[in-house]
Amino acid sequence: MKNLQDILYKVAIKEVFGHTNIAINQLVFDSRKVSKNDVFIAQKGVNVNGHSYVDKAISLGAKAIICEDFSFDKKEEVTYIKVDNANTALAIMASNFYNNPSAKFPVVGVTGTNGKTTIASLLYQLFTKAGYKVGLLSTVKILVDETEYKATHTTPDSIAINKYLDMMLEAGVEYCFMEVSSHGIHQKRTQGLTFAGGIFTNLSHDHLDYHKTFAEYRNVKKEFFDGLPKSAFALTNIDDKNGNYMLQNTKAKKYSYALKTLADFKSRILEKQISGTLISIGRTEVWTKLIGVFNIYNLTAIVATAELLGLEKLEVLTIVSQLESVSGRFQYTISDDGITAIIDYAHTPDALKNVLETVNDIRTGNEKVITVVGCGGDRDKTKRPKMAHIASQLSNQAIFTSDNPRTENPQTILDEMEIGVSPENYRKTLTVLNRRQAIKTACKLSETGDIILIAGKGHENYQEINGVRSHFDDLEEVTNCFNQLKKN
Ligand SMILES: CC(=O)N[C@H]1[C@@H](OP(=O)(O)OP(=O)(O)OC[C@H]2O[C@@H](n3ccc(=O)[nH]c3=O)[C@H](O)[C@@H]2O)O[C@H](CO)[C@@H](O)[C@@H]1O[C@H](C)C(=O)N[C@@H](C)C(=O)N[C@H](CCC(=O)O)C(=O)O
Ligand SMILES: Nc1ncnc2c1ncn2[C@@H]1O[C@H](COP(=O)(O)OP(=O)(O)OP(=O)(O)O)[C@@H](O)[C@H]1O
Ligand SMILES: N[C@H](CCC[C@H](N)C(=O)O)C(=O)O
Ligand SMILES: [Mg+2]
């Protein structure tokens, strides 16, 4: 049991009803999960208002309520605390509850539209290879040293973040790398954390269903840097047109990385091959297995981060050449007939463009590029025509199919994609609603040397249709098709 008064340290309280010097069990923001002596935090969500569940939480044993208004009948035996923002209060309380784990070891946050998982995961690999115990909070998985936990979000809720950071400390973890999503920042999931550093990757079109305008999306990302402490570093991609903007009001020490502009950390691409890229970082040449200009940005960011965290430059560069690509990010397999299939998590227009440009860059002759792609349901609809245009423009054949339709009609998503195809590219497109069939079609249409890009789902091992998740794995599907072709 903990004392509520201690947990409330640094929370901006507007009004209190009842006593705060009481023992509490745990913090809970979902009334359905409340048990005896818990504190229920009422959050105003996207779908419902948590304030409607205060009575339910009390009936299940909540002893204290954190809320943004007092518009309900109060019970004598319960403590009510009014705050400006329940999400911020929850985040600070979650840090206090776990004794502020983020202040006890370096936690570095990565934000930006694309590249967060790649950078955080590569940093995990790099620091592990350098002999440290490392933690990772990412879209793909959560790692506490070598123990893996399932990730439900890119940035978990603040209770989960602090719980994992606490577990990391228990396990002797020395560095943690985490993704900081725009939803996470907006919902204050990372407030109250002490970051040792922040990294900005890039900003392009995504999540305009949630943030409404690009300016709002950009400002939410900037909020992360505004909140960094003076002791932290703020590392930005200065080739991105929003790179400087992100650091405008940060108190942290500013650093930049780039491939084109003059920067504190600069790399150059010397040679591109399907098996990897030769780059120079500073004055040192390094061979990496990673492919694509975007990945060289990611590598430059991790080299800079490792140096800013005190690792020795030469050691870092030696390890860089050993780093493996991240699951579902430009992951490829080659069939016995010499057809290459690339699985990539590109689910934004910019990512799809980058990946297809990379594919076109490394193709050697007259081989065809066939792209299988869809767009997620219940997410930003304005991405759909843009992604369809890019896929049809930069491939010889685009096959539009379902991603995770979630609660939307899959055909409607495809219709909204098709609107983006220019008349001159129309003949290059096909629509195959069923993703398995779409992948099969791509395999049937391809010949030796051809390249199939299967975009959008990367590492995901499920497909969500009508709210139901069934097992689905792009790599598994294409491998099955390749095996089938071999038999025929
Ligand atoms: C849009 C969004 O971000 N939603 C998140 C939000 O849910 P919500 O606002 O819909 O919650 P709600 O259902 O309206 O409920 C409001 C409050 O009432 C509470 N409640 C609700 C019902 C009840 O019976 N009792 C009760 O107490 C809920 O626990 C909640 O506290 O708060 C929930 C609790 O923290 C999150 O789980 C949920 O993430 C959903 C599942 C989600 O899909 N989020 C995605 C969009 C997301 O966050 N993605 C980013 C990555 C994006 C990227 O960069 O690619 C991420 O960080 O993962
Ligand atoms: N630095 C980058 N710039 C542009 N595109 C990138 C970059 N890094 C990766 N990508 C592309 O974006 C896709 C997603 O990469 P990654 O998973 O690292 O991004 P993310 O920011 O974690 O995405 P999410 O918002 O879903 O968490 C990759 O599969 C690749 O196509
Ligand atoms: N973190 C991203 C993942 C998108 C992946 C794509 N496969 C989809 O389902 O839309 C989001 O929640 O928007
Ligand atoms: Mg991610």
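Reader: How do you know that helix H7 has a span close to the one expected?

Author: In this predicted model, H7 covers residues 214–226, which is 13 residues. The expected span is 1.5 Å times one less than the number of residues, which gives 18 Å here.

Reader: Which residues of H7 are called buried, and what makes them so?

Author: They are Tyr217, Val220, Lys221, Lys222, Phe224 and Phe225. Each is called buried because 20 or more other C-beta atoms lie within 10 Å of its own.

Reader: Against what do the buried residues of H7 pack?

Author: Their partners are strands E8 (107–111), E13 (197–200) and E14 (233–237), together with helices H6 (182–186) and H8 (243–246).

Reader: Why is ligand 2 said to lie between domain 2 and domain 3?

Author: Domain 2 (100–321) and domain 3 (331–486) both give residues to its shell, so ligand 2 lies between them. That shell has 22 residues, the closest being Gly115, Lys116, Thr117, Thr118 and Ala351. Helix H11 (349–362) gives the most, with four residues.

Reader: Which domains supply the shell around ligand 1?

Author: Domain 1 (2–97) and domain 2 (100–321) each contribute at least three residues. Of the 19 residues around ligand 1, Gly45, Asn47, Gly50, His153 and Ser181 come nearest.

Definitions and conventions:
Residues are numbered from 1 along each chain as its sequence is written. Chains are lettered from A and ligands numbered from 1 in the order in which they are written. This is a predicted model: local features need pLDDT of at least 70, side-chain atom pairs count only at pLDDT 80 or more; totals for chains, interfaces and linings use all residues. Helices (H or I, at least four residues) and strands (E, at least two) are DSSP runs, numbered from the N terminus. A residue is buried if 20 or more other C-beta atoms lie within 10 Å of its own, exposed if 12 or fewer, and partly exposed in between; C-beta atoms are placed from the backbone. Two residues are in contact if their C-beta atoms, placed from the backbone, lie within 7 Å. A residue is near a molecule or strand if its C-beta atom, placed from the backbone, lies within 6 Å of it. Domain bounds come from an automatic or database domain assignment.
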